[in-house]
Structure formats: C-alpha cells, structure tokens
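I opened this structure to look up a few things. My notes follow.

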Amino acid sequence: MDKQAANMLRGKRVLVTGGTGFIGQHLIRRLLSVEPSQLRVLTRSRARLGELFGPSDRRRLEVVVGDLSLPDDFEPLCEDIDVIFHTAAAAPHRPGVSNAALSFNPVNVKGTARLARAATRSGVARFVHISSTAAMGTQAERVVDEQTPCYPDSPYGRSKRNAELQLLGLCQTPGFDVVILRPCLVSGEGQRGGQLLTLFKLCRRGWFPVIGNRLDLEKPLLGVHDLVEALLLAAARGRSGEIYLVHSDGRHTLRQIVETAGRLVGNTRPYRRIPLALAYVVVGALAPLAFLAGRAPLATAPQVSQFLSERRIDIAKARAELGFRPGQQDLGDMLGRTYEYYRHSHQL
Ligand SMILES: NC(=O)c1ccc[n+]([C@@H]2O[C@H](COP(=O)([O-])OP(=O)(O)OC[C@H]3O[C@@H](n4cnc5c(N)ncnc54)[C@H](OP(=O)(O)O)[C@@H]3O)[C@@H](O)[C@H]2O)c1
C-alpha cells in the first residue's frame with residue numbers, strides 16, 4: 001500500500017481509541033508494522049485486548065484503561081502524543097448498544113469532545129476521527145459528496161454529525177489539526193454484531209426484505225483494510241478541518257450483495273419482495289408496539305427511505321487529496337471474509 005504515508009507515522013507517538021473494536025484492532029495491527037515510537041491504546045477492557053493480541057504485540061502496546069462516557073480528565077491519556085486515531089464509539093447493531101440517543105451521545109458526542117479538548121491542551125498535533133455516512137442521512141441528490149448538506153435521520157447518525165461539528169469547531173485551535181473520514185458500511189473480519197450479521201441472518205432464512213422490488217440500488221461497501229489505509233493517509237496528508245468520504249468504489253448493487261450473501265449462507269432464495277406501501281404500513285404499525293415495549297423499533301420510516309435512496313458516493317476528494325486507492329472490491333472476498341469470521345466466532 002502507500003509506503004510514504006506509513007513512513008510519516010514511523011517514530012511518531014500515537015494514541016488509538018477503540019483498540020478492541022472491529023476497525024481499531026485492524027488499525028493497531030497495521031500501526032505495529034509501521035513502527036511508531038509509542039503506541040498507546042485506550043480500552044475499557046484489558047482482558048479483551050489480551051484476547052485480540054498475542055504477548056509479543058501486547059508488549060509493544062501501552063495500555064490505558066478508561067471509559068470515554070465518564071467525565072474523566074483525558075489530559076494524561078493525551079500527554080506526549082503526536083497523533084490520535086479516534087475509532088472508539090457506540091455503534092448501532094452491536095451487542096449491548098440500544099438504538100436510542102442515550103446510548104450514542106455520551107460516547108460519540110460528549111466523549112469525543114472531551115477527548116479532543118484534552119488533546120488540544122496536551123499539544124497533540126493531529127486528531128484523525130472516524131465519522132460515518134450515517135452523519136449525512138438521506139439526500140435527494142443521486143450523487144453525494146462532502147459538500148452535500150447533512151440531514152441525519154437516526155440517533156446514531158445525529159451523534160456522528162454532532163461529533164463532526166464539535167471537532168470542526170476545535171480545529172481552529174492553533175497547532176491542532178482535525179481530519180475526519182466518513183466511511184460507509186465496512187466489511188471484514190473482527191465484527192461483533194453489525195449490519196452484515198443481520199444481512200446474513202435474514203438471507204439464511206430467505207427473509208431479506210427487498211422493498212419496492214429495488215434490487216438495482218447501488219449500496220456502497222468498504223473493506224476494513226482499505227479503511228485502515230485511508231486512516232494512515234488521513235494522518236499523513238489530510239487537510240485540517242476537512243471531511244473525506246471513503247468507500248470501495250465497487251458500484252455494488254443490492255442484488256449482487258444479497259445474492260453473494262445468499263450463496264455464502266447456502267440459500268438460493270435469500271430475499272422476499274415487499275411492496276413499498278406494505279413496508280411503510282408495517283413500519284408504522286410496529287413503531288407504537290415497540291414504544292410500548294420499551295424497545296427500539298425494527299425499522300423506522302426514514303430508514304426505509306434511506307434503504308430506498310440511490311446514493312452514489314463520490315470519493316474524488318479522498319482520491320485527489322489523500323491518494324486513496326481502494327484495493328478491496330471483490331464482493332465475494334469482502335463478504336466471504338466477514339461471513340467466515342461470524343461463523344468462526346459463533347455469531348452465525
Ligand atoms: N463498522 C462499520 O461498518 C462502520 C461504518 C462507518 C463508520 N464506523 C465508525 O467507525 C468507528 C469504529 O467502529 P467499529 O465498527 O470498529 O465499532 P466497534 O467494533 O463497536 O468498536 C467500538 C470500539 O469503541 C469502544 N468503546 C465503546 N464505548 C466506549 C467507551 N465508553 N469508552 C471507551 N471506548 C469505548 C469499544 O470498546 P469495547 O470493546 O470495550 O466495547 C470498541 O473498542 C466508529 O466511530 C464507528 O462509528 C463504523
């Protein structure tokens with residue numbers, strides 16, 4: 001991959017948050033190969049970090065146990081650090097995370113802002129943040145880029161957008177650079193839960209809902225190894241105060257995704273067609289029941305609209321400014337790795 005970008009991190013003092021997460025663990029493995037002078041990791045669980053990394057890797061990590069949702073002082077965590085990769089977040093469809101704002105805001109908004117403010121006080125030079133295309137919500141435009149206005153339509157999406165806004169405010173601090181990546185749905189080994197687990201489960205039962213018969217919709221996907229390269233590129237070349245959309249540029253359609261998932265789970269009829277009107281009626285009818293039961297609804301009307309929106313994401317800015325060149329585009333490989341991991345880790 002991009003040796004020049006990786007070399008720029010050699011000898012730097014780096015902090016990674018969310019090192020036990022899906023993306024964070026891949027980032028740490030990549031960083032270990034780059035040889036920063038110091039690799040500090042914030043984790044809520046030393047034991048979980050121990051499950052993910054062998055003794056020789058662990059010896060090279062400086063582990064700090066902490067919780068971003070607590071009103072702690074994060075200045076010691078940021079002390080003597082040049083670059084922070086902030087991957088920790090409460091993400092949807094994860095075990096133990098409900099779909100309500102209460103789950104997302106304390107970590108994604110308040111925790112991110114608290115960490116970034118501590119970073120400015122500690123003299124950290126670069127803060128690389130992972131946001132999400134969920135921060136954009138549903139757009140009327142068919143092709144979207146970083147200039148497209150954001151209308152997040154879920155508690156998670158709003159938390160990711162609010163975190164972006166907090167960080168963009170802080171990057172006015174002299175000497176403090178903030179670079180934000182906005183990836184779409186990420187595939188690869190190491191996920192706990194996630195939307196792809198739901199995809200495989202539904203396809204296995206033949207229940208994946210194809211609303212309004214729209215199998216031709218393009219759905220962006222990104223391989224985790226490409227995202228990790230994008231993170232290194234953002235640290236090396238990203239312009240401060242800028243947001244970069246990233247995905248595989250593979251132009252995958254819903255039909256290709258669902259049929260590939262169907263093949264992997266061994267079901268040749270992985271989906272059911274649902275008339276559009278029926279989808280809205282079912283979602284509308286289930287919402288009050290979910291509310292009464294104190295649970296997050298199965299889906300909301302904005303989520304149905306988002307599912308149906310043809311959103312082609314333009315990654316020209318990441319290509320031009322970061323030199324981002326996604327290498328993972330083979331759907332069989334991207335979904336295959338994810339599926340094998342889910343099976344291996346007994347999630348499927
Ligand atoms: N996966 C995707 O498809 C995708 C797509 C777009 C954007 N993103 C973004 O990418 C980032 C990483 O996502 P991911 O898929 O790697 O999520 P993940 O697997 O759920 O990992 C999240 C990480 O954050 C940590 N964390 C959660 N709450 C914390 C807290 N209160 N204090 C400290 N650490 C905390 C978790 O620690 P524990 O291990 O202790 O739970 C875990 O290490 C997130 O910002 C997410 O919004 C992900």
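**Cysteines**

I looked up Cys184 first. Its sulfur is 15 Å from the closest cysteine sulfur, in Cys150, too far for a bond. A disulfide is a pair of cysteine sulfur atoms within 2.5 Å. Cys184 is buried, with a relative accessible area of 7%. Buried means under 20% relative accessible area, exposed over 50%, partly exposed in between (1.4 Å probe, protein chains only).

I then checked Cys171. Its closest cysteine sulfur is also in Cys150, 15 Å away and too far for a bond. Cys171 counts as buried at 14% relative accessibility. I found zero disulfides in the structure.

**Basis**

This is a predicted model: local features need pLDDT of at least 70, side-chain atom pairs count only at pLDDT 80 or more, and totals for chains, interfaces and linings use all residues. Residues are numbered from 1 along each chain as its sequence is written, and side-chain values use heavy atoms, with hydrogens and water left out.

**Helix α12**

Which residues of helix α12 are buried? In this helix (residues 301-308) they are Val304, Phe307 and Leu308. Seen down the axis of α12, they fall within an arc of 95 degrees, so they line one face of the helix. The arc is taken from the directions from the helix axis to the C-beta atoms. Helices are DSSP runs (H or I, at least four residues), strands too (E, at least two), numbered from the N terminus. The buried residues of α12 pack against β9 (208-211), α10 (254-265) and α11. Contact means heavy atoms within 4.5 Å.

**Helix α11**

I ended on Val281, in helix α11 (residues 276-292). Val281 is exposed, with a relative accessible area of 55%.
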